[in-house]
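We will go from stop to stop, with something to select at each one.

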Amino acid sequence: FNYTMASIRIGRARALGAFLRCRSITVSRFCRGSETHGGDDIHKVERLVCDFSVTTNALGPVPSALAAVQDLLHPLDRTQQTQQTQQSWMAQEVMTSPAVEHYPQRKDQELEGLVANFLRGAQGEEAKKQLIFGNGASELIDLLARAAPQGKYCLNPSTEVQYREYQRACGNAGREETSNPQEASIICLVNPNNPTGDFLERQEMQAWISANAAPGSWVLVDESMLFWAGPDFQERGVSAEFVDSMVKKHINIFLVQSWTKIFACTGLRIGTVLCPTQEKRDFLLSLQVPWSVTAFARAYLRAAIQDRRYLERTWEETPAWRSHMVTRLKRLHPSWQFHGKPWLSWIWIDTGSAEVAKDVYRAALDCGCPVRHAASGYDKPSIVRLAVRRPYDFSVLYQALLRRESNSAAFSQTTFGTSADVKPEVISGVRLVHIDDLHPHEEVLTDRADKLKNYVRDLPVKILPAIIIDSQYDVVIDGHHRLELFKAAGLTIVPAVSVNYEHPDILVNPPGLRPEVCKEQVIGTAVKGKTMEPKTTQHMVRSRGGALLPIIV
């Protein structure tokens, strides 16, 4: 029951997000000066498997925050609400939902306090007076570009490209760009830098601002992606003390935060700016359109920012999942260059070729896992950006990249031999694997490997039983000698039969033979990088008729 309700909530949130994204896409196609965005690519696939084109949290929306949004639509007791709904439609034809039909409060003291404490900790009470909320960071970036002192703008000159929303906003405000920050009245810095992944620690960033910002200028520091740095993120961004010291030098620093990435709520839109003083906050408020943040976005952020377990999982899972992706992509493409801090929610990859990057982009679209091609928006045709996603989702994209690299349609079109009459749930499927991703659990007999090599050399058509692997850990169950043969032949990508190793119809050895060797031992040994002696196991599979057969069938 709980799973069903969660699915309903997620479904409604996704539907709302899809509607809002469709609206923004319509604007971006026809309005001059709008930004090209990776999020548009999900509408180019026939069936979306997983979106790798936007740098949102791989954990997806915050469950407690989704529940908070859902509660806004159902403020009454369920029984009373059902009765009221029936009566209103049948008799008066009047529906009520306060969060939908009423304007939200102009000031949300509770949310302001929560965000201020999240950003500044013990200094939260003062920060609360300096916060302004907006309809995503984009609205606030546009507001800052219009409100800053007249003059030129400067992007971070130490990085090759940064988030283009700042360039767009300053251009639309009629500003001219300069590469010299001391000539600029507004300096735009993104740290960590999206998309390249460059990052300056606190002392480096503050030293750069001190050396380059001129008196009277505004410095915008976008720290939206800093939340992924870990529980000490507050200590790594620009400090409150430094902001205060710069105010005394007539240099105003505005810290920008987007909450839609860290809490995976791009469909709801909410961002903040921590202004250098309350006076500057009030000035921005005087220029901002009223009610730009919906009650639903506020409720979502209010719950999400208090969900400590979600953040702890983010700090734990993101680096691990990113490492998983980078390791496999490096094996597949050793010449590619991978950029960005290990804790970031995306990977900036230079393939070295515009044609390769374009081909990767197309392969990703074809498998329902769109990625960001940096030719669009960033003018970097040889680069692709991949959001970090859980290994299960990445496996789909990885299969597409393996298939692309194999340069053979045969893998996807050929039937891989025959299988015994076993229960369907025993076999997970046939897929391509990179040899370096496999974990052997046994050593090989050298003389047997040589004999196999000589045997295959004389075959006019090379036909061999496929390697059999465990579906969860890619442990080789059967085919260690064939694996050595493939390695010797210089192959890196091979097809394999993936089996659900925990199924009771798969036996490690025939009954009575080495009963002390169990599946847990096979898996545990292999994933630790160790191996058993040759022929320690003789895996068997039970047919639907009950017969035990060698698993090679």
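In which loop is R514 found? Select R514 and you land in the loop between β15 and α21 (519-527). Helices and strands here are DSSP runs, H or I of at least four residues for helices and E of at least two for strands, numbered from the N terminus.

A word on the model before going further. It is a predicted one, where local features need pLDDT of at least 70 and side-chain atom pairs count only at pLDDT 80 or more, while totals for chains, interfaces and linings use all residues. Residues are numbered from 1 along each chain as its sequence is written, and side-chain values use heavy atoms, with hydrogens and water left out.

**Two positive phi values**

Stay on R514: its phi is near 45°, a positive value in a residue other than glycine. R514 is partly exposed, at a relative accessible area of 34%. (Buried means under 20% relative accessible area, exposed over 50%, and partly exposed in between, with a 1.4 Å probe and protein chains only.)

Next, select K535, in the loop between α21 and β16. K535 is not a glycine either, yet its phi is positive, about 60°. With a relative accessible area of 35%, K535 is partly exposed.

**The three-stranded sheet**

Now bring up β15, β16 and β17. They form an open sheet of 3 strands in the order β15-β16-β17, with antiparallel pairing; two strands pair if DSSP finds at least two bridges between them. The edge strands, each pairing on one side only, are β15 (506-507) and β17 (548-550). Between β16 (residues 540-542) and β17 there are 3 bridges, and these two strands run antiparallel.

**Two cis peptide bonds**

Move to the loop between β3 (184-190) and α9 (202-212), where you will find P192. The bond joining N191 and P192 is a cis peptide, with omega about 5°. P195 is found in the loop between β3 and α9 too, and the peptide bond from N194 to P195 is cis, with omega near 25°.

**A helix pair**

Two packed helices are described by the angle between their axes and the distance between the axes. Select α14 (residues 308-332) and α17 (residues 391-406): their axes come within 11 Å and cross at roughly 10°. That makes α14 roughly parallel to α17, since angles under 35 degrees count as roughly parallel. The axes are lines fitted to C-alpha atoms over the stretch in contact, and angles run from 0 to 180 degrees between N-to-C directions.

Show side chains next. From α14, W321, H324, M325, R328, L329 and L332 meet P391, F394, Y398, L401, L402 and E405 of α17, a contact being heavy atoms within 4.5 Å. By class, this contact has 9 nonpolar, 1 polar and 2 charged residues. (Ala, Val, Leu, Ile, Met, Phe, Trp, Tyr, Cys and Pro count as nonpolar, Asp, Glu, Lys and Arg as charged, and the others, Gly among them, as polar.)

**A buried alanine**

Select A67 in helix α2 (residues 63-73). A67 is buried, with a relative accessible area of 18%.

**Zooming out**

Of its 553 residues, 50% are buried.

Note on methods: Parallel < 35°, antiparallel > 145°, perpendicular 65-115°, else oblique.
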